[in-house]
Amino acid sequence: MQTQTKAPDRYIFYSFLALLVWLPLPLGSNRTWSEMLMVIMVALLCISWSFLFMTNKVKLTRCFKKASVAIALLVCAQIFLGYQLYEHLSIDADSSFRELLQGISLTLFFMLCLLLINSTQRIKTTILVIIASGLFQAVYGSLMTLSGTEYTFFVKKEDYIGVATGTFVNRNHLAGYLVICLSLGLGMMIASLKANTNNWRGLIRQIFEAILSQKAVLRLSLVIMVAALVMTHSRMGNTAFFASMGIIGTLAILLKKRSVGSTIVLLLSLLIIDIAVVGTFFGVGKVIDRLEKTSAQGETRDEVNLHSIKLVEDNLLQGTGAGTFYTAFPIVRPKEIGGFYDHAHNDYIQFLTERGVIGIAPLVLLVVITFLVALTALWKRQKPLMRGCAFGCLMSMLAMAIHATVDFNLQIPANAATFMLVLALGWIGMFFKPKRKRKRRAAAQ
């Protein structure tokens with residue numbers, strides 16, 4: 001009887017999953033010690049995999065080879081950061097060096113995703129682990145808020161009291177993380193939907209089967225995460241989620257012929273549930289009131305971004321140096337804007353300020369190409385799981401693109417690393433092909 005050989009890189013894969021869960025816990029890894037721990041852990045995983053590769057125990061995956069353009073663009077982005085340091089273009093060399101280490105780590109993390117997520121089972125496991133991590137963040141953040149026991153990661157909260165932040169410091173960063181988890185979860189749900197039935201009776205039967213099956217656990221997890229997303233009170237986080245779900249959901253319906261009715265029911269149910277959650281927990285009036293107070297309270301985020309444009313104009317091509325916004329901004333900050341701003345509340349402006357047009361060009365190309373690859377997968381791939389990966393990637397990318405206009409999720413290591421996974425899933429959704437099992441030939445007598 002033939003026994004199944006265990007994958008030689010299985011422990012590396014398990015460690016990779018553990019790292020995915022760990023990254024959001026220590027304040028989104030947005031502290032020097034936790035950021036450097038991420039760098040070290042990713043390096044160790046890469047060294048371990050490389051050792052197996054050199055001993056011919058593992059091989060480069062098809063997805064890794066197909067994503068060579070994406071890898072090259074990420075490498076070019078890090079080479080430019082090295083150039084900034086070498087030519088003394090950065091106004092804060094220490095911060096730029098730290099940013100370079102993080103950039104190299106994220107590049108290697110993207111490569112690990114393509115190398116380790118090399119089977120159908122691993123794809124499912126990885127997405128389920130991310131959903132489980134998002135569910136923990138949702139439950140933890142909600143319980144802290146509802147119970148009045150306001151803690152992040154063993155640290156008593158000083159800001160954002162009364163709103164969910166999970167183990168993050170900023171509610172918007174929890175919202176960004178939850179949106180990624182929800183997007184991948186929706187991709188899994190859509191991948192599991194059955195083909196269309198010819199009548200409403202069959203559709204209703206499918207819905208009840210889904211409720212009573214194992215998919216009910218996944219569906220309940222999505223509901224809990226949606227509730228926590230609302231409890232963050234993140235205006236753009238909620239807006240980005242529903243806008244991206246509506247746009248990518250419509251694309252998914254237009255580009256495929258199967259399970260259209262089930263997909264519509266799934267997406268509409270999330271929308272209805274969220275409206276019910278808003279009305280039950282907070283009241284629609286409170287949400288409207290917060291939107292009205294956006295300008296009345298005199299928020300300075302827009303003014304910070306407006307003055308940051310001056311930095312962009314003065315350093316258009318090569319930037320002030322990666323990780324130097326908090327050093328550069330005081331140069332253009334007027335006296336009436338108080339407080340300390342270590343980040344621009346706009347990822348686009350911050351990347352342009354620090355890296356310039358030359359430094360941001362490879363990253364923009366990476367995102368555009370990956371979006372097109374994932375869109376092609378959603379259109380052409382027949383396997384539901386691959387379409388689910390493409391859907392999760394597209395929805396996450398669009399949501400992050402919208403949220404980036406008013407916040408800095410990509411400056412948070414946990415969210416940036418999880419976004420690297422999202423990009424990798426776009427390539428996996430397009431190019432992954434399961435290995436065919438070779439039939440054992442009978443020995444000649």
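Q: Which residues make the nonpolar surface patch of about 410 Å²?
A: In this predicted model, the patch is made by F51, F53, M54 and L60.

Q: Why is T418 called buried?
A: The cut-off is under 20% relative accessible area. T418 has 1%, so T418 counts as buried. T418 is found in helix α17, residues 413-431.

Q: Which residues does T418 touch, not counting residues up to four places away in sequence?
A: T418 touches I130, Y177 and I180. Contact means heavy atoms within 4.5 Å.

Q: What makes the phi of S29 worth a remark?
A: Most residues other than glycine have a negative phi. Phi of S29 is near 60°, a positive value, and S29 is not a glycine. S29 is found in the loop between α1 (10-22) and α2.

Q: Is S29 buried or exposed?
A: S29 is buried, because its relative accessible area is 0% and the limit is under 20%.

Q: What is the phi of Y160, and where is Y160 placed?
A: Y160 has a positive phi of about 55°, although Y160 is not a glycine. Y160 sits in the loop between α6 (120-147) and α7 (171-191).

Q: Why is Y160 called partly exposed?
A: The relative accessible area of Y160 is 27%. Buried means under 20% and exposed means over 50%, so Y160 is partly exposed.

Q: What is said of V155 in the loop between α6 and α7?
A: V155 lies in that loop. V155 has a relative accessible area of 41%, so V155 is partly exposed. The C-alpha atoms of V155 and L27 are separated by 9.3 Å. V155 and L27 are 128 residues apart along the chain.

Q: How do you know that the span of helix α5 agrees with its number of residues?
A: Helix α5 covers residues 93-116, which is 24 residues. At 1.5 Å a residue, α5 should span 34 Å. The end C-alpha atoms of α5 are 34 Å apart, so the span agrees.

Q: Why is α5 called largely enclosed by the rest of the structure?
A: Of the 24 residues of α5, 17 are buried, so α5 is largely enclosed.

Q: How many salt bridges are there?
A: The count comes to five salt bridges.

Q: What makes E35 and R98 a salt bridge?
A: The N to O distance is 2.9 Å. The rule asks for a side-chain nitrogen of Lys or Arg within 4 Å of a carboxyl oxygen of Asp or Glu, so the pair passes. E35 lies in helix α2 and R98 in helix α5, so the pair ties together parts that are 63 residues apart in sequence.

Q: What makes K157 and E150 a salt bridge?
A: Their closest N and O atoms are 2.9 Å apart. The limit is 4 Å, so K157 and E150 pass. K157 is buried, and E150 is buried too.

Q: What makes K310 and D314 a salt bridge?
A: Their closest N and O atoms are 3.6 Å apart. That is within 4 Å, so the pair counts. K310 and D314 both lie in helix α13, residues 301-314. They are four residues apart, about one turn of the helix.

Q: Why are K310 and D314 called partly exposed?
A: K310 has 41% relative accessibility, so K310 counts as partly exposed. D314 has a relative accessible area of 47%, so D314 is partly exposed.

Q: How many disulfides are there?
A: The count comes to zero disulfides. C63 is in no disulfide. The nearest cysteine sulfur, that of C389, is 9.4 Å away, and the rule asks for sulfur atoms within 2.5 Å.

Q: Why are C63 and C181 called buried?
A: C63 is buried, because its relative accessible area is 4%. C181 is buried, because its relative accessible area is 0%.

How values were computed. Residues numbered from 1 in each chain as written. Predicted model: local features only at pLDDT ≥ 70, side-chain atom pairs only at ≥ 80, totals over all residues. Heavy atoms only, no water. Helix = DSSP H or I, 4+ residues; strand = E, 2+ residues; numbered from the N terminus. Buried < 20%, exposed > 50% of the residue type's maximum accessible area, 1.4 Å probe, protein only. Patch = residues over 30% accessible without salt bridge, like charges linked within 9 Å, V, L, I, M, F, W, Y side chains within 5 Å. Areas by Shrake-Rupley, 256 points an atom, 1.4 Å probe, with all protein chains shown as cover. Expected span 1.5 Å × (residues − 1).
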